[in-house]
Amino acid sequence: MRRRNFLAAAGAAFLAGCNKVGESQVFGALVDGAESWHRGIHRALGMGRITMAPEYTSADVSPFFRGNGTTEVGTPEYNAAREAGFADWRVAVGGLVETPLSLSLDDLRSLPQRTQITRHDCVEGWSAIGEWTGPQLSAVLAMAGVKPEARFVVFRCADSLRSGPYYESCDMDDALHPQTIIAHLLNGEPLPERNGAPLRMRIERQLGYKHPKYLTGIELVTSLDGIGLGKGGYWEDHNGYQWYAGI
Amino acid sequence: MATDASAIRDQAAVSEEEFSSTVRKTRKRHALATRIWHWVNLASVVILFMSGLNISNAHRYLYWGDWGFSPDQAWLAVPRFPGWMTIPDYYSLAIARDWHVLFAWVFALNITLFMIVSLANGHFVRDLFTRAAEWRPAHIWADIRAHLRLQFDHAGSKFNFLQKVAYSKVIFLLLPLMIFTGMAISPGMNAAAPWLLDIFGGRQSARSIHFLCAWALMAFLLLHLALVLLSGPAKQLRDMITGGREDAAA
């Protein structure tokens, strides 16, 4: 009995220690280091080529594409825009660009389109496969003219979760990646609200929370410091998820 | 003078023999590399397992194939693991993932170094690889009966047959599978090395195998612990820390 008490106490002390360590700054720095090692190895394994997320065939498409996070935006502005078929929806392209843009859905549809059947992996562990269509972000950035000091792209969204507005960001490597598209079709149909109508980013080499929905703005910046709480995204700021979500 | 010189030579020869026999006697039962690997591996496997159970709580369904997102597609509904089994001891997918991706490095680099050193120093070939004769049914049966009588004699070699089989399955199959299935779950790694997905039959299959291998490892750990407790735990523990003496192993 004593031994069992000792084991229980040792176990509890171990867990308490883990909690302490997990919340410390040194641990945070170590994790950030591990995260960038993972990112480094994912890039290095490409050996100079651009690594592409696996693409599937239409036979692999999931019968239903699950929505997560925000599934209903719920604001009067959004509901009115949805009722109007998103005819007045605009995406502002700004920040460190030569020519700020305000793009309608028609503007985006008139650009060269890319269709890709990819797997969407939620940080929670589930996956769904869907066919996404839209212009490459690189084409939109080329239209706006990215200034050389830009290092990150910030995506603004129409939805808010409990702690504030949703936003996300990626580096220029992902921004200019051929599979990074501004999707307006899922499986050949306009996006359902749960999947981000009318526009959602696809950043295919990372987990689902890096694919912001209800896109309203694209902003080029040198640093993520002044944006939100500075960690580069809603979940990064408020829940501690890693900015690099390639794992 | 001549006799003196030969006496000295004889003396020298004797002490050389004594010296080499001392070396043989004090040869470590467990090499330093093995001991470092063993304890770092234990710590990282425990941390990865417990943080992994916290991650499992985020979505408690397992699937086969490329995709799966709801209970009706699942082959297994996993129970929710209680706080005392998880790191941290409350539900936090973010912090559990931090522990998991950090210790994945410790775990993978540790076993990689151990494998290189153990190939170089002959540990794998000498102690872990079975010999053809050991696969004779009579020999296997004798080893099983010895285990059932709780006799753990090794008949000259460091490990007995069942031990060699168990340790090599863990070192060459389960632990590498944990690493490769873990890599196959990562979308960044999928882009870099898509062939990993083909090997395991899709991301959700890799996730299921990752989960099954984690529990197989836990089963091994418990069996290993039980057998250490049955075979002189104080000495076993001491030898895995200090290295022990090779002669004392037989």
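Modeller: A helix here is a DSSP run of H or I with at least four residues, and a strand is a run of E with at least two. The model is predicted.

Biologist: What is the make-up of residues 36-55 of chain B, helix or strand?

Modeller: That span is 100% helix and 0% strand, and its end C-alpha atoms lie 28 Å apart. UniProt, in an unreviewed entry, lists residues 36-55 of chain B under "transmembrane region", along with 99-121, 170-189 and 209-230. Residues 170-189 of chain B are 95% helix and 0% strand, with end C-alpha atoms 24 Å apart.

Biologist: Where does H6(B) bend, and by how much?

Modeller: The bend is about 35°, at Val170(B). This is the angle between axes fitted to the seven residues ending there and the seven starting there.

Biologist: What makes a residue of H6(B) count as buried, and which residues are buried?

Modeller: The cut-off is 20 or more other C-beta atoms within 10 Å of its own. The buried residues of H6(B) include Phe161(B), Lys164(B), Leu175(B) and Met178(B). The partners of the buried residues are H3, H4, H5, H7, H8 and H9 of chain B.

Biologist: What makes up the contact between chains A and B?

Modeller: Chain A gives 40 residues and chain B gives 32. On the side of chain A that touches chain B, H2(A) has the largest share, 8 residues. That side divides into 18 nonpolar, 14 polar and 8 charged residues.

How values were computed
Residues numbered from 1 in each chain as written. Chains lettered and ligands numbered in written order. Predicted model: local features only at pLDDT ≥ 70, side-chain atom pairs only at ≥ 80, totals over all residues. Buried ≥ 20, exposed ≤ 12 C-beta atoms within 10 Å, placed from the backbone. Contact = placed C-beta atoms within 7 Å. Nonpolar A, V, L, I, M, F, W, Y, C, P; charged D, E, K, R; others polar. UniProt positions renumbered as here; feature names shortened; annotations may be inferred.
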